[in-house]
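Thanks for coming. Please have the model up on your screens while I talk.

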Amino acid sequence: MTATTPVRVVLVDDHQLVRSGVRAELGDAVSVVGEAGDVDEAVRVITAEKPDVVLLDVHMPGGGGVEVIRGVHASLPAVRFLALSVSDAAEDVIGVVRAGARGYVTKAIDGPALTDAIVRVASGDAVFGPRLAGFVLDAFSGDGVAAAPADDDLDALTPREREVLRLIARGYTYREAAQELVLSERTIETHVSSVLRKLQLSNRRELARWATSRHIV
Amino acid sequence: MSDDGAEQSTSRSPLVRRTDGRMVAGVAGGIARHLGLNVTLVRILFTILTVNGIAFLVYFAIWLLVPDDTDDGSGHTRLRRPREVVRAVIRTRPGEDPHRRQKLLGYLIVGSAVGSILGAFGLHTGTASGLPLTIAVIGAGLIWWRAPEAQRAQWSSDARRYGSRLSGRGSLLIVLGGVGLVVAGVAAFLAAHDALAQARAGALAIGATFVGVLLVTGPWLFRLVRELTAERRARIREHERAEVAAHVHDSVLQTLALIQAQAGDPDAVRRLARRQERELRGWLYAPQTTAAEGGAPTFSGVLRAAAADVEDTHGISIDVVVVGDTTVDDAVTATVAAAKEAMVNAAKSSGAPAVSVFAEVTSGGVEVFVRDRGRGFDPDDVPADRRGIRDSIVGRMARHGGTATVRSGDGGTEVALNLARKVTA
């Protein structure tokens, strides 16, 4: 998308091996401008480099991804975060997304897909993999679409958003989902961003309770 | 009599409270069994002695201190609130004396009658000291009954910080109430014996001494408590660490050793690594599903197991995302079997390294999607003798009132299974 100027990325992970592995996987559309191995170092590097995107590990000694986002988000709102984790735990994933990450990908993701996800996050879109889509569908299930009239509209998904999420959970890319629903890819991105906003802003008590109580993936 | 009961001899059966055929808490029954006496005799003795309060104290003390014969130590902790004590006395449990309440009433009447007669003859020995002492012992009982729980609540306060605060405060109130009762009882006892004035001087001396001792030993006590806490924490941590280490050794290190031994065979290595990853994930992220559910399988569990099986057999990786869950019946089992067949097909024919499985359980039914990004095929082109899709997927779903749709093209293959039913999730 933005082939002219590569996206500037900072890698945050407490394992040197993972950082070098990720660095090797990333394509030309991305240039790694810094690395950090813990929360304090991450905040320092991000503040110094002001990257476009931070690739963030969820679990780290000294606080983890949520702490990094809290430490940087207020002073540098333009920096976007993409969570990259092996964790399957719903509360980890939902927690870091609610803290402000614009997406979540697993470490099993391949290089081109990761590059694509970074570029997408840099342009302001949200990145939902199948697992995150499943979590969100689960978290927003129950009272469903039609019910909950008293609730804020942030507290329920529209039928279209639900459809899009289900396709993503089935392993569809945004482009494939767009073809399937006869929509433009841009529209899919809009839906996903709106789901992300709901996930981050919803006050739904069930959401918080779900995220903490549920360890089942 | 109660003293005899407290001294246990080896030839006798140990003193426990009886839970079968009991009147109040099984104390009299337990003593009768322990001493080899008639239970009614023991009860009547208790009833008569209760009139001056002494047997009441003994009864209450034995209730608190002697375990019941189920002997799981949960006898006291089950009584969380004062009204549950009342309920525990009144409620009839299975296996109890059928005429329990009538008999209880009878003993009460006997007790009151004996009390009245003794009172009429001016023989009441203890109203002056018995009643206040009874009050004091009830208070002490409340404290003793409540203290361990209050302490436990404090220990585990981190774990259940969001638990009911009211119940924590309730236990504090009960302990404070107990203290109040003890003070009132002792004061009344002293007043009844005209010893209050002396007691005041004594209390002052005791109080001053206590404060003095506290001042001297305070820092030491404080440090002791802190050290004990730290030690307990360290012990818990050490225990956890040992458990993790054991697990890592049993699974991860063994697998790494196997991988090194088979380094020449990439398929075997991938399979081993994938299986280990799955096991470790299951252990890390879903410990309570395996532990809590015990034998009862759920849809998500069965589906994951099927995917794991295909992974192991065919050496591909299958990502399973499940939304919602349900219990397993014949139709669900058939759906999982059909899904497994679809996974096997994808593993064998598509050439794709990974398969995505998405399953959703809604109020309307169960849906499963099995998708790969390999080379697709034309379902109409499949030779008639290849029965996999027709029988194992489409036919199987149809037999259980479901549908199966196969879509295949350049972007891969997707098998969609739909089982419409009322789900009791």
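Start with K50(A). K50(A) counts as partly exposed, because 13 C-beta neighbours lie inside 10 Å. Here are the cut-offs: 20 or more other C-beta atoms within 10 Å is buried, 12 or fewer is exposed, and in between is partly exposed, with C-beta atoms placed from the backbone. K50(A) sits in the loop between α2 and β3 of chain A. Its phi is near 45 degrees, a positive value in a residue other than glycine. As background, most residues other than glycine have a negative phi.

Some housekeeping. This is a predicted model, where local features need pLDDT of at least 70, side-chain atom pairs count only at pLDDT 80 or more, and totals for chains, interfaces and linings use all residues. Residues are numbered from 1 along each chain as its sequence is written, and chains are lettered from A and ligands numbered from 1 in the order in which they are written. Helices (H or I, at least four residues) and strands (E, at least two) are DSSP runs, numbered from the N terminus.

V182(A) also has a positive phi, about 50 degrees, and is not a glycine. Look for V182(A) in the loop between α8 (174-181) and α9 of chain A. Is V182(A) buried or exposed? Exposed, because V182(A) has 7 C-beta neighbours inside 10 Å.

Back to the loop between α2 (39-49) and β3 (53-56) of chain A, which also holds D52(A). D52(A) has 23 other C-beta atoms within 10 Å, so D52(A) is buried. What does D52(A) touch? Leaving out residues up to four places away in sequence, D52(A) touches V7(A), R8(A), V9(A), R80(A) and A122(A). A contact here means C-beta atoms, placed from the backbone, within 7 Å. Take A122(A): 70 residues separate D52(A) and A122(A) along the chain, yet their C-alpha atoms are 5.9 Å apart.

Now β3(A) itself. V53(A) and L55(A) point one way, V54(A) and L56(A) the other, and all are buried. Strand β1 (residues 7-12) of chain A runs parallel to β3(A), joined by 4 bridges. Strand β4 (residues 80-85) of chain A is also joined to β3(A) by 4 bridges, and that pair runs parallel. Two strands pair if DSSP finds at least two bridges between them. Find L55(A) in β3(A): L11(A) stands opposite. In β4(A), L82(A) is the bridge partner of L55(A).

Zoom out to chain A. It has 10 helices and 6 strands. Of its 217 residues, 46% are buried. Among contacts with a separation of 6 or more in chain A, 65% join residues 24 or more positions apart.

Next, helix pairs. Packed helices are described by the angle between their axes and the distance between the axes. Axes are lines fitted to C-alpha atoms, for helices over the stretch in contact, and angles run from 0 to 180 degrees between N-to-C directions.

In chain A, take α7 (residues 159-169) and α9 (residues 185-201): their axes come within 10 Å and cross at roughly 100 degrees. α7(A) and α9(A) are therefore roughly perpendicular. From α7(A), R160(A), E161(A), V164(A) and L165(A) meet I188(A), H191(A), V192(A), S194(A) and V195(A) of α9(A). By class, the contact of α7(A) with α9(A) has 5 nonpolar, 2 polar and 2 charged residues. Nonpolar is Ala, Val, Leu, Ile, Met, Phe, Trp, Tyr, Cys and Pro; charged is Asp, Glu, Lys and Arg; the others, Gly among them, are polar.

Last stop, chain B. An open sheet of 5 strands has the order β1-β2-β3-β5-β4 (chain B), with mixed pairing. Which strands stand at the edges? β1 (317-323) and β4 (402-409) of chain B do, each with a single partner strand, so one side of each has no neighbour in the sheet. The twist averages 10 degrees from one strand to the next. Helix α6 (residues 130-139) of chain A packs on this sheet, touching β1 and β2 of chain B.

Key:
Contact = placed C-beta atoms within 7 Å. Parallel < 35°, antiparallel > 145°, perpendicular 65-115°, else oblique.
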